[in-house]
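Here is a walk through one model, from its strands to its aromatic residues. Keep the sequence and the 3D view open as you read.

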Amino acid sequence: MAFEQTSLSALSYANGFTLWHYRTSDAIDDVDTAGYFSRAGSMLRVGDFILVNAGLGVVPSHGMLVVLSSSGGVVDVSNVTPVGTLNTD
């Protein structure tokens, strides 16, 4: 699959920082690949955080990405930092 602009939402913004949320059925390994978010390059800034729910309906993964660079039309984000992956009950 590919990035879907309508699935990216700004949750909060202040002082040149934006907290985003993104939902997709794409696997997290695809989502945290350089270039995946390039179509949103005009909105994403270095240092922005993206809360992500990926692999929905397949193998769900939840976590946070950080925008590392956005230049030359290519957006690169960090590898996902997992959130809510442990459940010991």
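A residue counts as buried when its relative accessible area is under 20%. By that cut-off, both Y22 and Y36 are buried. Keep in mind that this is a predicted model.

Start with the strands. Strand β2 covers residues 17-23, and strand β3 covers residues 49-54. The two run parallel and are joined by five bridges.

Now move from β3 to strand β4, residues 61-71. This pairing is antiparallel, with six bridges. A54 has S61 in β4 as its bridge partner. Six residues lie between the strands of this β3 and β4 hairpin. G55 has a positive phi there, near 65 degrees.

Next, the interior. In soluble globular proteins, nonpolar side chains tend to be buried together. The largest nonpolar core of this model holds 17 residues. L8, Y22, V31, F37, L44 and I50 have the most contacts inside this core. At least two core residues come from each of β2, α1 (28-31), β3, β4 and β5 (74-77). β3 gives the most, with three residues.

What is its relative accessibility? The value is 0%, so Y22 counts as buried. Beyond its neighbours within four places in sequence, Y22 is in contact with A2, F3, E4, S7, L8, Y36, F37, I50, L51, V52 and N53. Two of the core residues with the most contacts, L8 and I50, can be found in that list.

Turn to the rings. The whole structure has seven aromatic pairs. One of them joins F3 and Y22. Their centres are 5.4 Å apart, with 20 degrees between the planes, and the pair is stacked. F3 sits in the segment before β1 (8-14), while Y22 is in strand β2. The pair links distant parts of the chain, 19 residues apart. F3 is buried too, because its relative accessible area of 4% is under 20%.

Why does the pair of Y22 and Y36 count as edge-to-face? The planes of the two rings stand at 75 degrees, and planes over 60 degrees apart count as edge-to-face. The ring centres are 6.0 Å apart. Y36 lies in the loop between α1 and β3 and Y22 in strand β2, so this pair ties together parts that are 14 residues apart in sequence.

Key. Residues numbered from 1 in each chain as written. Predicted model: local features only at pLDDT ≥ 70, side-chain atom pairs only at ≥ 80, totals over all residues. Heavy atoms only, no water. Pairing = 2+ DSSP bridges. Helix = DSSP H or I, 4+ residues; strand = E, 2+ residues; numbered from the N terminus. Core = buried A, V, L, I, M, F, W, Y, C linked by side-chain atoms within 4.5 Å. Buried < 20%, exposed > 50% of the residue type's maximum accessible area, 1.4 Å probe, protein only. Contact = heavy atoms within 4.5 Å. Phe/Tyr/Trp six-rings, centres within 6.5 Å; stacked < 30°, edge-to-face > 60°.
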